[in-house]
Amino acid sequence: MPDRGPARPAAVLFDMDGTLLDSEKIWDVALHELARELGGTLSRAAREAMVGSSMGRSVALLHEDLGVEADPARSADFLSTRTTELFRTDLEWRPGARELLADVHAAGVPAALVTSTHRALTEIALDTLGRGFFTATVCGDEVARPKPAGDPYLRAAELLGVGVTGCVAIEDSPLGVTSAEAAGCVVLAVPSEVPIAPAPGRAVRDSLVGLSVADLAALPPA
Ligand SMILES: [Mg+2]
């Protein structure tokens, strides 16, 4: 994408799992372990439907997929414990994410983290991401309606004190793209686990490698 000069986004709103961090792989491990624990095998379709989801929705989808009547709180605890362990030891950046985050910061453009993951686990991820890069962070347990509703992105813009339509949201999942578009953001989709088709007001890229804040400024408005 060409550099069109000094125009910049009002803010850049980053999804976390699968966008900045390769954490969907960690969720894969934890979800498949939980399925085994409950005596079943998680289907690919159900796993794909969970990408970008809140914990509550993922647990409900997993129980439904396995056809088991299990305690949702217990399953959520299992996932929390296992993902917490793995977030401490196995977190890796997605390609180009670290460089783009640094470029946004260097340009003085405010950034927010907008994630479906709950606060406690996000705090562990922020040890890897670097808290100083984000002016605001919005977690899945801090909004009335999580993604795919627009609430998390609307909340982030509100916390930053910027108009949401001037913000670029970067997302890896169809669910997250739906959320960002519902809020009115310009969307850059960088699919990780599930394909995403281009659409008006939505750019799709293979990765964040080589992207700069100028590229984000040049995206067409929503
Ligand atoms: Mg994601």
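Is Cys167 buried or exposed? Cys167 is buried, at a relative accessible area of 0%; buried denotes under 20% relative accessible area and exposed over 50%, with partly exposed in between (1.4 Å probe, protein chains only).

## Basis of the model

The model is predicted: local features need pLDDT of at least 70 and side-chain atom pairs count only at pLDDT 80 or more, while totals for chains, interfaces and linings use all residues. Residues are numbered from 1 along each chain as its sequence is written, and side-chain values use heavy atoms, with hydrogens and water left out.

## Cysteines

Zero disulfides are found in a search of the whole structure, a disulfide being a pair of cysteine sulfur atoms within 2.5 Å. The closest cysteine sulfur to that of Cys167 belongs to Cys185 and lies 5.6 Å away, too far for a bond. Cys185 also counts as buried, at 2% relative accessibility.

## Nonpolar cores

A nonpolar core is a set of buried Ala, Val, Leu, Ile, Met, Phe, Trp, Tyr and Cys residues joined through side-chain atoms within 4.5 Å. The largest has 49 residues, of which Phe14, Leu129 and Ile170 touch the most other members. Helix α1 (residues 24–37) supplies the largest share, six residues; helices (H or I, at least four residues) and strands (E, at least two) are DSSP runs numbered from the N terminus. Because domain 1 (11–22 + 93–217) and domain 2 (24–89) both give residues to this core, it lies between them; the domain bounds come from an automatic or database domain assignment.

Leaving aside residues up to four places away in sequence, the contacts of Phe14 include Leu20, Leu100, Leu101, Val104, Phe134 and Ile170, where contact means heavy atoms within 4.5 Å. A second, separate core of 21 residues includes Val114, Val138, Cys185 and Ile196.

## Helix α5

In helix α5 (residues 97–106), the buried residues are Ala97, Leu100, Leu101 and Val104. They span an arc of only 100 degrees around the axis and therefore sit on the same side of α5; the arc is that of the directions from the helix axis to the C-beta atoms. These buried residues pack against β1 (11–14), β2 (111–114), α6 (119–129), β4 (167–171) and α9 (213–217). Exposed Glu99 and Ala106 are carried on the face turned away from the buried side.

## Magnesium site

Asp15 (OD), Asp17 (O) and Asp172 (OD) coordinate the magnesium ion at 2.1 to 2.2 Å. Donors are N, O and S atoms within 2.8 Å of the metal (3.2 Å for Na, K and Ca); water is not among the atoms, so sites may look incomplete. Asp17 lies in the loop between β1 and α1 and Asp172 in that between β4 and α8 (174–183), so the pair ties together parts 155 residues apart in sequence. Both Asp17 and Asp172 are buried.
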